[in-house]
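Have a look at the sequence and the model, then read on.

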Amino acid sequence: MSAPNPASTGLSRTLIARQPYPHRHHNIYRATMSAPNPASTGLFINGTRETGQDVRTGNVTAALAVANIVKTSLGPVGLDKMLVDDIGDVLITNDGATILKSLEVEHPAARVLVDLANLQDSEVGDGTTSVVIIASELLRRGNDLVKNGIHPTTIISGYRSALKAAVSYIKKEMVVHVDNLGDEHLMNAARTSMSSKIIGKESDFFSKMAVDAVKSVKMTATAADVAGYEAMGSSTSATSNKHKYPLSAIHILKAHGKSSMESHLIDGGFAINAMRAAQGMPTMVESTPEAPVKIAMLDMNLQRHRMGMGVQVIVKDPAEIENIKKREMDITKERINKIIDAGAKVVLTTKGVDDLCMKYFVEAGIICARRCVREDLKRLAKATGGRVVTTMADMEGNEAFDADCLGACDSVREVRIGDGEMLYVYGCKGHGASTIVLRGANEYMLDEMDRALHDSLCVVKRMLESNTLVPGGGAAEAALSVHLDDYAHTIDSREQVVIQEYADALLVIPKTLAVNAAKDASELVAKLRSVHAKGQHGDDDPSLKYMGLDLIEGSIRDNLKAGVVEPAISKIKSLRFATEAAITILRIDDRITLNAAQ
Amino acid sequence: AALPCLSLLVSLLLWPAVFFRLFHSSALPQSHFRPSYALFARGCCRKPQQKALVRPTGHRKALSALPFSLKHIFGKQTPHPTHREHCPIPSPAIAHTPTTMTMLKGDTLQERSKGRDVRISNIVAAKALAACVRTSLGPRGMDKLMQLPSGEVLISNDGATILSKMNVLHPAAKMLVECSQSQDIEAGDGTTSVVVLAGALLDACSGLLSKGIHPTMIAGSFYRAAEACCLLLKEAAKPVDLADRDSLIHAVQTCLSSKVVSQNSDLLAPIAVDSVLKILGDDPGSATNVDLRDVRMVEQLGGTVDETELVDGLVFDKGSTKTAGGPSQIDNAKIALIQFCLSAPKTDMDNNVVVSDYAAMDRILRDERKYILNLCKKIKKTGANVVLIQKSILRDAYNELSLHFLAKMGILVVTDIERNDVEFVCRTLGCTPAPHVDSLTPEKLGTAEHVGDVVLPGSGHKVVKFTGVANPGCTSTVLLRGSNDLVLAEANRSVHDAQCVVRSLVKERYLIAGGGAAETEASLRLRELALETTGMDSHCFKAYADALEVIPYTLAENAGLKPIEIVTELRKSHAEGEVGAGIDVKKGRITDMYKQNVIQPLLVTTSAIKLATETVCMILKVDDLVPVYG
């Protein structure tokens, strides 16, 4: 077609427009229906886009919704949440991280807060609720500032400088250095952390248990830890005292029945949730002065040996079958005999033990337990100075059991707790290890006790590692708020307003504490602030800066004296994490949700 | 009687035409008219067509005014470069009857205006995309939160990352996405500015087009303008020596200032500079390019970005394998990288080992042990005390038995080395991978002064670290930390951008002032050049110069300043000869960027200008969109 008359194409198009051929244009119309609506975005993407203030408000609303869920569980008078999942499983908890983890949060901004709580849980262990509340308050105030015409970046830089000032104030003024950390301080910290939890009523009992447990697992830091601290330039004094307290060495066992006060700590001992494999085995093995009890920890199967894949057994003579079967048994029997010959009195394995093999153990008077948890055995190996054996091959290609792999202890006993039996290993000869056996009325309570105790253990560990503490009960927040307010007055740029808001945002902690305790929050917080202002402006009374809330009496008191304390490091970290999360969300001004490709 | 007669005459005149057209339309290749319908129907790009169909007269009116406006603009110049489409050419065939003429004229114009509509649609789409990333430009830029179909969430400030994930549909917008990607490859930084600049240039184009200038004329002038800009910028730029670490750090800090991790730029900038300088070798002066794949980034969740470090050696993101209780610290390490499997050989699917005798069972067991033991002994014999085992998908790369033997021999084992990492590892440690145990010889071993697990404070995760490696100058490793996945991923992208800045300086050793200073300078000089030239170039240069000012304008806007005031003030400073005057976003006023150490590599700016211009010219030259359905 050479140069079509322009007129012709023009006219034909007009006609076609009037009389569309449905069959020809069918696919086109379909395309119209399924095509995304670009008019709403102005941008031709397969998805939706929101920009500006809408996004920010949406994000802040979602974050506030998350924070509101955990708000009422803050503090010693906070209440618990009961979470029921889709199959009807119940979880009752007061722990912020646990609550948020169980919620299936979809909104990306809200997810940042959930991640924040998890991070606080893994890095500090305690203060998961307060970190979320602070972050959401910072967001709420940040969003209001944006609405009042302050640019988000100004807010961000204001928050950052406020954080810097706050951290340096905590380090300089609030921190109480405890050179010789007595049990009293440790117990106070543990008590503070568990005060809001289910075990808060028996805090004297459990705080002592937590402190004893952590102290029992004290060990010298390994080269790897030291290298880590040095490489990161970490300033914690853990580098100097070279001790660490691996919480993984503390084994928490839950057995329901009896009251929570019947829980106990097995100092220097280890309990394994397993029972003897056969009734004929002895219930206890005691050491003699010359020979401690030897424990073999295996990570291999003591069942009839089966040939691997790709090996086929084909026999011509039926009599051979018996021989093969016998040999299969004998391979295991030889292994067991080698273990027994090495001197083991207790054999624990992560895998199964054949019932036929049981008799060898019974005959030798050995306690054998099967299906132990691998992680437990690893801990036990550390505690007793042995090794978990994965294979018995020696360097000649034959099989032998190395006696060095055996752990040693004073005695092993099977103890009946509640419905079941447990093996207690007393007097471990290796590194420190201890076990806490929790008792309680029901599973939910035990789970919640476990979480509460874990938080307290973390707190005690942080205290021991850093040797520093700050007063709790809103004292630190109130002091920071007053200090930041003063600091804001020294700033002559737009950040001033932002720092003031940051100062006010911190007050959300004492406020929420007071509200949860059904006290007059406005009055209490006002009193608290005035006391701190007095302390920071001239009054030399050093106790003023440690003033915090007494939520039972509804008054102000010296929380340091009252023993409401927290490790300084956790306070600093939670401020840092909360600010970082708030900044991450405030920086967003655009949200693009893409549809799945068809 | 005259009236029916006339109408008859008209209809007679028309009929053949109608028939011809009907026949014509079916004979015409479909693509000739279908595309426009198809596009319209898709609802995304061809809205204007509809208007064109119903308002032919409106077009005519608008166009009849054009020659005047052109004359008005160009004075007495002959309007030779005017857009052909807007010059209704009186065709002899249609000049006779007024009726036909009216109708055909309308149709002609409408048909002819297709090219313009396509162009406008393209420009609108591309501009929308540029507007989308605009808010993330500069130190006060904001982030985008993206929710991908997989449910993954991404928070980013990096133009290339945002655009590549955005799944843009419009073909012209796609060109802009690719333009941003090429800037990422070429310069690594300035991926947002290139798109913003392209958007502004397209805006300028639509202005020029509406004045009736032909697209190819605009494209030609824009090319010349871009060239002129690059030359002007090079004159304004300051040469830099790679030994001048401070300048490099300042350039990197400028790049990092817009990122989420900007408050950590004091720490990250030296890390980025050193990690790149390290792999340049002893004579950085002679290098012309640098391969950033030689810098390995290891992400580790936990801690904060402050704890990021440049590792002198090599780091794997997981600890050594210690299930069998092997050593975790080795001094004076001799390192073997093996690609064979330390597990019992498997028979093929079709083959079987047949056992017919119980004694054979023992033999199989013993042979399996012996086979693996033999492998381990051969490794030990070469003197290796650290073994890196490549990941295998065919069969187990290691089993408990082999780990047990290696542990007993006091060999540290690191498993699951990715195949892609093998080359990097080899170059760092100076080892050669051994595909078979027999090819493992002492010469193939790499060395390191110390290999050991390191516990990261905070998270408690372990990584294995190699220090005092054999070839310290070949590669470098950055260990990134971050408090959550989103921050960590963004920190990784930011450090990569920062390294790209250093790479740009290796490629072209000039630094130029940032903060909109470079663009303002180029804009001002180009405007001067426009005054010296005549013709279309002069006109387009002026438009180009105006478009360049979008960068300082957006910077000011994003920082919450008054853009008009700032940009005019900036222009004045540059006119007074302050080459380095730029926007100090923090203070909210104009200062000398060289004094504030806000500097960036020349390559970033020039490459952005070149790429944006080329993309714009390409979009400009398109006058038809032909979807080809498969």
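Let's begin with A:Tyr426, which is partly exposed because its relative accessibility is 26%; buried means under 20% relative accessible area, exposed over 50%, and partly exposed in between (1.4 Å probe, protein chains only). This is a predicted model, where local features need pLDDT of at least 70 and side-chain atom pairs count only at pLDDT 80 or more, while totals for chains, interfaces and linings use all residues. Residues are numbered from 1 along each chain as its sequence is written, chains are lettered from A and ligands numbered from 1 in the order in which they are written, and side-chain values use heavy atoms, with hydrogens and water left out.

**Rings**

The rings of A:Tyr159 and A:Tyr502 have centres 5.5 Å apart and planes at 65°, so they make an edge-to-face pair. Rings of Phe, Tyr and Trp (its six-membered ring) pair if their centres lie within 6.5 Å; planes under 30 degrees apart count as stacked, over 60 as edge-to-face and the rest as tilted. Where do these two tyrosines sit? A:Tyr159 is in helix H7 (residues 152-174) of chain A and A:Tyr502 in helix H17 (residues 495-506) of chain A, so the pair ties together parts 343 residues apart in sequence. Helices (H or I, at least four residues) and strands (E, at least two) are DSSP runs, numbered from the N terminus. A:Tyr159 is buried at 0% relative accessible area, and A:Tyr502 is buried at 0% as well.

A:Tyr426 has a ring partner too: with A:Tyr424 it forms a tilted pair, 5.8 Å centre to centre and 55° between the planes. A:Tyr424 is buried, with a relative accessible area of 3%. Over all chains, the count comes to 5 aromatic pairs.

**Charges**

Side chains of opposite charge can pair when their charged atoms come close. The whole structure has 60 salt bridges over all chains, each being a side-chain nitrogen of Lys or Arg within 4 Å of a carboxyl oxygen of Asp or Glu. Here are some of them:

| Salt bridge | N to O distance |
|---|---|
| A:Lys573 and A:Glu123 | 3.2 Å |
| A:Arg374 and A:Asp299 | 2.0 Å |
| A:Glu399 and B:Arg369 | 3.1 Å |

What about the last pair in the table? A:Glu399 lies in the loop between strand E15 (388-389) and strand E16 (407-409) of chain A, and B:Arg369 in helix H14 (residues 358-381) of chain B, so this pair joins two chains. Both A:Glu399 and B:Arg369 are buried. Elsewhere, salt bridges that share partners link A:Glu137, A:Arg140, A:Arg141, A:Asp144 and A:Glu501 into one network.

**A helix and its end residue**

Helix H9 (residues 203-216) of chain A includes A:Ser216. Is A:Ser216 buried or exposed? With 19% relative accessibility, A:Ser216 counts as buried. Its side chain makes a polar contact with the side chain of A:Ser434 at 2.8 Å; such a contact is a pair of N or O atoms within 3.5 Å, and within protein one must be able to donate a hydrogen and the other to accept it, with residues adjacent in sequence counting only if both atoms are side-chain atoms. The buried residues of H9(A) also include A:Phe206, A:Met209 and A:Val214.
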